[in-house]
Amino acid sequence: MRSSNHLIGMVNFLTFLLSIPILGGGIWLSSRANSTDCLRFLQWPLIVIGISIMVVSLAGFAGACYRNKFLMWLYLVAMLLIIAALIGFIIFAYAVTDKGSGRTVLNRGYLDYYLQDYSGWLKDRVSDDGYWGKISSCIRDSGACRKIGRNFNGAPESADMFFQRSLSPVESGCCKPPSDCGYAYGNETFWTQGGGLVGANPDCMLWNNEQSMLCYQCSACKAGVLGSLKKSWRKVSVINIVVLIILVIFYVIAYAAYRNVKRIDNDEPAGEARMTKSHPSHFHL
């Protein structure tokens, strides 16, 4: 029994450590929610799951140390629910970010983003006028567009240098007009119509060189936010899948050890109890 308790205690300790990357992923999403992605509710399920794993693991560890079968049982039940919640979150994250990506642009290092390339619940959430007002204000206040400016020897970068840059989805969608508008480059956030006609893209008329306006009301900006969310969620989901696989392995080990503890407590020698019950002795004195 002691060896089984030690095994359960070790599994609980390792499970506690596994909660750290999940909690870290939630905190990372939270930091991006305040600066880049600007969608503030997505990180909370991960943070709650991470904290729950920590608390449940501590309860299971205490149960193993003090040989409290109720705490061990509670650990197994609660951890099963947490694993189910983590599976649900991973499926949800992949489902809502399944469609949509940036489009390549000829002779450009960055991608352009179009709202019609995305669909589903997350697109509707971001596109909602009331919600978008908060998101666009967050992007503007974060200074994302102000930070893309570069100087070389006191002079701003040239058009050719800018065109070869790899911009983030938010920078590409919110800080410059779409490439098909035909605007001429002045600097990173200042563009003029040039000699050609403005493209048919509705965003072309929404572009404004005023630094508080830019393309914050453009569909391209909303698409850029969706593209940024997709990248963030996919990175976190990869970590969550690895943690989930290890959690399931640890859960199976802990369940087997718990069954062994119960068998020993019931004085059922391994491999004999079931045989005795299925083939009772008929010998009587």
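## Patch, cross-links and charge pairs

Ile20 counts as partly exposed because its relative accessibility is 45% (buried is under 20% relative accessible area, exposed over 50%, partly exposed in between, with a 1.4 Å probe and protein chains only). The model here is predicted, so local features need pLDDT of at least 70 and side-chain atom pairs pLDDT 80 or more, while totals for chains, interfaces and linings use all residues. Residues are numbered from 1 along each chain as its sequence is written, and side-chain values use heavy atoms, without hydrogens or water.

**The greasy patch**

Ile20 sits in helix α1 (helices are DSSP runs of H or I, at least four residues; strands are E, at least two). Together with Met10, Phe13, Leu17 and Phe61, Ile20 makes a nonpolar surface patch of about 450 Å² (patch members have over 30% relative accessible area and no salt bridge, with nonpolar side chains joined within 5 Å and like charges within 9 Å). Helix α1, residues 2-33, gives the largest share of that patch, at 4 residues.

**The disulfides**

There are 4 disulfides in the structure (cysteine sulfur pairs within 2.5 Å). Here are some of them.

| Pair | S to S distance | Torsion about S-S | Hand |
|---|---|---|---|
| Cys145, Cys175 | 2.0 Å | -85° | left-handed |
| Cys174, Cys221 | 1.9 Å | 90° | right-handed |
| Cys215, Cys218 | 1.8 Å | about -90° | left-handed |

What does the Cys145 to Cys175 disulfide connect? Its S to S distance is 2.0 Å. Cys145 lies in the loop between α5 (129-142) and β3 (151-152), and Cys175 in the loop between α7 (169-174) and β5 (184-187), so this pair ties together parts 30 residues apart in sequence. Cys145 is buried, at a relative accessible area of 4%, and Cys175 is buried too, at 0%.

Now for Cys174 and Cys221, whose link is right-handed, with 90° about the S-S bond. This pair links distant parts of the chain, with Cys174 in helix α7 and Cys221 in helix α9 (residues 219-265), 47 residues apart. Both Cys174 and Cys221 are buried.

For Cys215 and Cys218, the torsion about the S-S bond is about -90°, so that disulfide is left-handed. Cys215 is buried, with a relative accessible area of 0%, and Cys218 also counts as buried, at 0%.

**The salt bridges**

Side chains of opposite charge can pair when their charged atoms come close. The count comes to 3 salt bridges, taking a side-chain nitrogen of Lys or Arg within 4 Å of a carboxyl oxygen of Asp or Glu.

Arg103 and Asp117 meet through their side chains at 2.8 Å, N to O. Arg103 is in strand β1 (residues 103-104) and Asp117 in the loop between β2 (111-112) and α4 (121-127), so the bridge ties together parts 14 residues apart in sequence. Arg103 is partly exposed at 35% relative accessibility, and Asp117 is partly exposed with a relative accessible area of 24%.

Asp112 and Lys176 also form a salt bridge, 2.8 Å from N to O. That pair joins distant parts of the chain: Asp112 is in strand β2 and Lys176 in the loop between α7 and β5, 64 residues apart. Are these two buried or exposed? Asp112 counts as buried at 3% relative accessibility, and Lys176 counts as buried at 2%.

Finally, Arg165 pairs with Glu157, their closest N and O atoms 2.6 Å apart. Arg165 and Glu157 are both buried.

Note on methods. Areas by Shrake-Rupley, 256 points an atom, 1.4 Å probe, with all protein chains shown as cover.
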